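Biologist: Hey, could you walk me through this one?

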Amino acid sequence: MKKTVFLFLAFFLSPLAQAWGIDYSASIFSFLQGYRIEAQGNYDEAIESYRKALAADPGSADIRTELALVYIKKSNFPKAEELLKKAIEINGTNRNALILLAGLYQAEKDPGKAKSLYERCIALDDEDTEAYLHLGAIYITERKYDQAIKTYEKVLAYDEDNILTLYYMGRLHAELKLYDKAAAFLTKVLELKPNFEPALMDLGTIYELEGNFDKAIDLYQKIVVLDPDNKRARSRIAAVYVRRKQYDRAIHEFEKLSDVDRGDLSIRIKIGLLHLEEGRFDEAIREFNFLLASQPKNNSVRYYVAVAWKEKGNIKEAIRQFLQIEPNAEEFMDAAKNIAFLYVKTGEIDEGIEKFKGFTAAKKDSVDLYILLSSLYEEKGDFRKGIETLNEARRLFPTNVDLLYQIGMLHEKAGETDKALSIMQEVLKLDPEYAHALNFIGYTWAEKGINLDQAEEMIKKALQKRPEDAYILDSIGWVYYKKGNYKMALTEILKATQSLPDDPTIAEHLGEVYMSMRDYRNAVESFERSGRLEKKEDKKRALDKKIKEAQDKIK
């Protein structure tokens with residue numbers, strides 16, 4: 001700004017101006033008055049003074065540029081653009097007008113015009129660092145990183161220690177995931193300016209990405225020494241400790257961060273969650289209750305405190321807290337799933353059913369609530385009521401395949417396998433790729449020993465959709481078993497066992513395969529494991545017979 005005033009005065013006091021016989025005293029006075037008033041922040045009065053100066057000297061590109069700058073400060077960009085375009089028309093080499101107009105176009109998301117003007121600045125002065133930096137920024141916005149790098153390299157060719165350029169080169173290479181190069185540029189920045197906070201932060205982030213947490217913390221702590229109230233650096237220190245599972249140290253850092261900004265309650269939430277992670281349920285509950293005292297309608301915090309009570313083992317209090325979460329809250333469905341689980345755990349299924357009847361009556365747009373209600377009927381052994389509940393939902397959601405699949409599963413559990421198969425075929429009409437329905441039909445046929453080729457085809461199709469699903473892996477293994485291909489059966493069922501070691505049916509299937517392969521010792525082990533996992537007494541008795549049969553074969 002001072003340079004602009006100096007150039008302005010130098011021109012008007014020059015012999016050339018005097019030779020032209022022009023009296024610019026009124027223009028100079030008005031310009032200086034406008035400049036003084038602008039410095040005081042009174043932009044409207046400054047505009048009037050600059051206008052008077054322009055009236056006295058209508059051919060001045062410099063006055064127009066200064067006036068445009070005031071309009072920019074007032075966010076009157078169209079007027080500023082008009083003045084700057086006229087200033088450039090009068091004097092195409094007016095660098096201040098070029099750079100200001102380019103900045104306007106850049107702010108208005110018109111990169112083509114902005115680039116053209118920055119290039120004109122560079123044509124006037126091939127060491128115009130400001131123009132290069134802005135031009136590079138446009139290329140970054142356009143994700144033309146190679147061109148941005150070439151632009152910044154031109155600056156470094158004549159000013160190898162330019163801190164801003166080195167910093168942007170570091171950020172660019174980090175964006176390209178070239179972390180070694182990025183670190184080299186940022187390290188050079190810090191050699192030139194050791195306390196440059198943006199470089200300290202970015203280099204710390206690179207060390208984090210590379211897993212060098214000690215170096216990252218050292219840099220973040222240096223920022224904190226320079227600026228004890230720097231929330232971002234303190235947050236990163238805490239986050240590193242969380243990643244390293246050093247939760248107590250993370251809590252210590254979050255406590256410091258909370259001292260810096262007591263209004264940021266999200267910090268207290270993080271502290272509570274870390275106590276929860278560490279199993280310090282009382283401390284977690286205390287933190288969350290403190291937050292609820294000031295924000296009783298905060299559904300996220302309500303959910304966390306309910307989880308803390310659940311983990312502590314106070315099921316009734318957990319249910320009470322979950323029930324306070326508003327039905328329209330994002331957390332409500334997770335809360336509902338927890339509520340259903342807890343009612344099953346306490347054995348108070350009838351109370352749970354009544355609660356979920358209320359949920360479905362109040363919130364008819366949720367398929368999941370109907371499914372949860374049906375699951376409570378299922379736990380009670382009332383499959384008929386469960387099916388009725390799902391059929392009520394089906395009238396509201398006739399094309400929902402998940403709902404239809406659950407209806408089929410309940411018919412299966414009610415002993416109506418043929419009905420279940422019929423419904424699974426309906427599922428496949430709606431969605432031919434529905435993996436669970438494909439698996440159900442294929443496995444059911446395998447159990448019956450019928451349509452084994454079709455069963456294999458359907459289960460393989462299901463595996464294409466869900467290749468890691470243990471139940472589907474078990475199904476394909478069971479088809480191979482039924483077809484007499486025991487080696488392939490063993491391979492697939494072992495995969496299923498590794499993925500789901502606590503399933504009694506998969507363990508039993510593995511025992512059957514070992515029996516067929518005459519590997520009786522492994523058969524005994526598999527049957528015994530199945531027996532330990534099995535809850536139904538009739539199944540346990542059947543497994544005992546299989547164990548005895550296998551043991552007799554060993555003898």
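Modeller: Below we chat about cores and helices.

Modeller: This is a predicted model, where local features need pLDDT of at least 70, side-chain atom pairs count only at pLDDT 80 or more, and totals for chains, interfaces and linings use all residues. Residues are numbered from 1 along each chain as its sequence is written, and side-chain values use heavy atoms, with hydrogens and water left out.

Biologist: Okay, how many residues are in the largest nonpolar core?

Modeller: It has 75 residues, and Leu-101, Leu-117, Tyr-118, Ala-199, Leu-203 and Phe-254 have the most contacts inside it. A nonpolar core here is a set of buried Ala, Val, Leu, Ile, Met, Phe, Trp, Tyr and Cys residues joined through side-chain atoms within 4.5 Å; buried means under 20% relative accessible area with a 1.4 Å probe, protein chains only.

Biologist: And what is Leu-101 in contact with, leaving aside neighbours within four places in sequence?

Modeller: Glu-81, Leu-84, Lys-85, Ile-88 and Leu-117, with contact meaning heavy atoms within 4.5 Å. There's also a second, separate core of 57 residues, including Val-401 and Tyr-434.

Biologist: Switching to α16, which residues are buried there?

Modeller: Tyr-247, Ala-250, Ile-251, Glu-253, Phe-254, Leu-257 and Ser-258.

Biologist: What covers them?

Modeller: The cover includes α15 (231-243) and α17 (265-277). Helices are DSSP runs of H or I, at least four residues, numbered from the N terminus.

Technical notes
Buried means under 20% relative accessible area, exposed over 50%, partly exposed in between (1.4 Å probe, protein chains only). Helices (H or I, at least four residues) and strands (E, at least two) are DSSP runs, numbered from the N terminus.
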